[in-house]
Each structure stands twice: as C-alpha cells, then as structure tokens.
Amino acid sequence: MNKTVKSTGAPVQWVKNNPHCLAMLYFVFYLIAFFSLEQIHRPDLHIIHCALDDVIPFCEWFIIPYCLWFLVMPGSLIYFMFRDKKAFLDLSFLMFTGMTFCLLVYLVWPNGLDLRVEITQTNWAARLVAALQGFDTPTNVCPSIHVSSTVAVELAVRRSESLGKKGWLKAANFVVTVAICLSTMFLKQHSAVDVALGIALSLLLGWVTWHTNWQAALKKTPLRVLFQQRL
C-alpha cells in the first residue's frame, strides 16, 4: 500500500526528504529541447496526412478540451508527487520516456502538417485557436506528445492505489482523455496518424512500466536518487 508523502514544513527540507520530486526537473530539458526544435527550419520536412484528416471538420469549440491538457498533465503529476510516490514515479517514467522518444523522432525525422484552415469564425473560441496557432507551429507533430502524455495520465490514474475506488474520478478522467485526443484533430493541430501513434506509444511504454523492472535499471544510474526514501 502506498503511503501519503508527508511534508516537513520547509520547502527545501521537504525536497530533501522526498527526492522523487526531482523528476519534475525533466521539464527544464523538455522545454529547451522542444522549443529549440521548433526554431529549426527543416527543408526535408515530412508532411503527415491520411484520408481521415479530410473527413474531420474544423471545430473551434474543441479548444476547451485541448486546453484541459495544460491542467490535467501537470495536475496529475503534482497530485501523485504528494499523494502517491509509486504512481508518480511510474507516470514520470512513462510520460517522460514518451516525450523523449518523440523529441528524438522530431530530430531525426522532421515532420509537420498542412491541415490548418482559415479561421473565419469570430467567437472567443476561434480567437483562442488563432492565438494558439500563432505560437505553435505545425511542425514536430508525429507522434503527438499532447496525446501520448494524456494517455500516460489515463493509464496511471487507472492503476493508482491512492485513488482507490473513486470510480467517478477515473470515469471522468477517461472522458477528458478521449476529448483531449479528439480535440487535437478537430482543431487541425494533429493528423489522425499522430494521434494513433501517440496512443500506441503510451500503450507500449505502459506495458514496459508495469511489466518490467525498469526501476532496477535506473537505480544503477545517477537517477537512483529519485528512489531514495528519507522519511
């Protein structure tokens, strides 16, 4: 049974007592790597497209579930960091390994989209989508990190002991997961190919996370500090 992580009061002391939280430093590497790749002009860009993309219409209202990702992804990590150390480490391994794999794919096989349509709607949702497209280029899309990390959260929530029998919460998270994945296609942020591969990536890494002894391998590296128990 997982024990709730107890705080000792002072933030610095809490970090020393709970070194597993240092896994969150991965985001420093991720943000630098992702936005660096966004700035690189790649003439050998591979355009991702399939027939299903032409059937799915643009719908600006999917910006709502799309933006939920910015709450669900960090929120789940923070919750597990304080409440369920094992689930936090499992989710960190699953999500961060998936993100790193995607970054490597973007580096060696640059890809992008040609799906975006002219936004003629004038409501607030359409303006928000336009703003999103203004800073989020249609490159580095396959597999979709937005989708793979969302599915990673869903898998972790399903297996979390700290959530116990909160079936309503797990059901709600599943609905949100589906909505977020669909939103990437209805906003023309991703091809159905990106979504399918993002889901497949997390399912594969999910099997690795819960059916192999990946912790033993990491404990032989400097990352062993994450597994120390100082409470």
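Biologist: At what angle do α4 and α6 pack, and how far apart are their axes?

Modeller: Happy to start there, with the reminder that this is a predicted model. The angle between α4 and α6 is about 50°, and their axes are 10 Å apart.

Biologist: Why are α4 and α6 called oblique to each other?

Modeller: Roughly parallel needs an angle under 35 degrees, and roughly perpendicular runs from 65 to 115. The angle here is about 50°, so α4 and α6 count as oblique. The crossing of α4 over α6 is left-handed.

Biologist: Which residues of α4 and α6 meet?

Modeller: From α4 come Ile63, Ile64, Tyr66 and Cys67, and they meet Trp124, Ala125, Leu128, Val129 and Leu132 of α6. Sorted by class, this contact holds nine nonpolar residues, no polar and no charged ones.

Biologist: Which residues make the contact between α2 and α5?

Modeller: On the α2 side there are Tyr26, Phe27, Phe29, Tyr30, Ala33, Phe34 and Leu37, and on the α5 side Phe96, Met99, Thr100, Leu103, Tyr106 and Leu107. By class, 12 are nonpolar, one is polar and none is charged.

Biologist: Now to the rings. How many aromatic pairs does a search of the whole structure find?

Modeller: There are 14 aromatic pairs. One of them joins Tyr26 and Tyr30, with 6.4 Å between the centres and 25° between the planes.

Biologist: What makes the pair of Trp61 and Trp124 edge-to-face?

Modeller: Edge-to-face requires planes over 60 degrees apart. The planes of Trp61 and Trp124 are at 75° and their centres 5.4 Å apart, so the pair is edge-to-face. Trp61 sits in the loop between α3 (51-55) and α4 (63-83), while Trp124 is in helix α6 (residues 124-135), so the pair ties together parts that are 63 residues apart in sequence.

Biologist: How do you know that Trp61 and Trp124 are partly exposed?

Modeller: Partly exposed lies between the buried limit, under 20%, and the exposed limit, over 50%. Trp61 has 38% relative accessibility, so it counts as partly exposed, and Trp124, at 46%, does so as well.

Biologist: Where is Trp109 found, and why does it count as partly exposed?

Modeller: Trp109 is in the loop between α5 and β2 (111-112). With 35% relative accessibility, it counts as partly exposed. Apart from neighbours within four places in sequence, Trp109 is in contact with His46 and Ile48.

How values were computed: Residues are numbered from 1 along each chain as its sequence is written. This is a predicted model: local features need pLDDT of at least 70, side-chain atom pairs count only at pLDDT 80 or more; totals for chains, interfaces and linings use all residues. Side-chain values use heavy atoms; hydrogens and water are left out. Rings of Phe, Tyr and Trp (its six-membered ring) pair if their centres lie within 6.5 Å; planes under 30 degrees apart count as stacked, over 60 as edge-to-face and the rest as tilted. Helices (H or I, at least four residues) and strands (E, at least two) are DSSP runs, numbered from the N terminus. Buried means under 20% relative accessible area, exposed over 50%, partly exposed in between (1.4 Å probe, protein chains only). Axes are lines fitted to C-alpha atoms, for helices over the stretch in contact, and angles run from 0 to 180 degrees between N-to-C directions. Angles under 35 degrees count as roughly parallel, over 145 as roughly antiparallel, 65 to 115 as roughly perpendicular and the rest as oblique. A crossing is left-handed if the near helix is turned anticlockwise from the far one by less than a right angle, and right-handed if clockwise. Contact means heavy atoms within 4.5 Å. Ala, Val, Leu, Ile, Met, Phe, Trp, Tyr, Cys and Pro count as nonpolar, Asp, Glu, Lys and Arg as charged, and the others, Gly among them, as polar.
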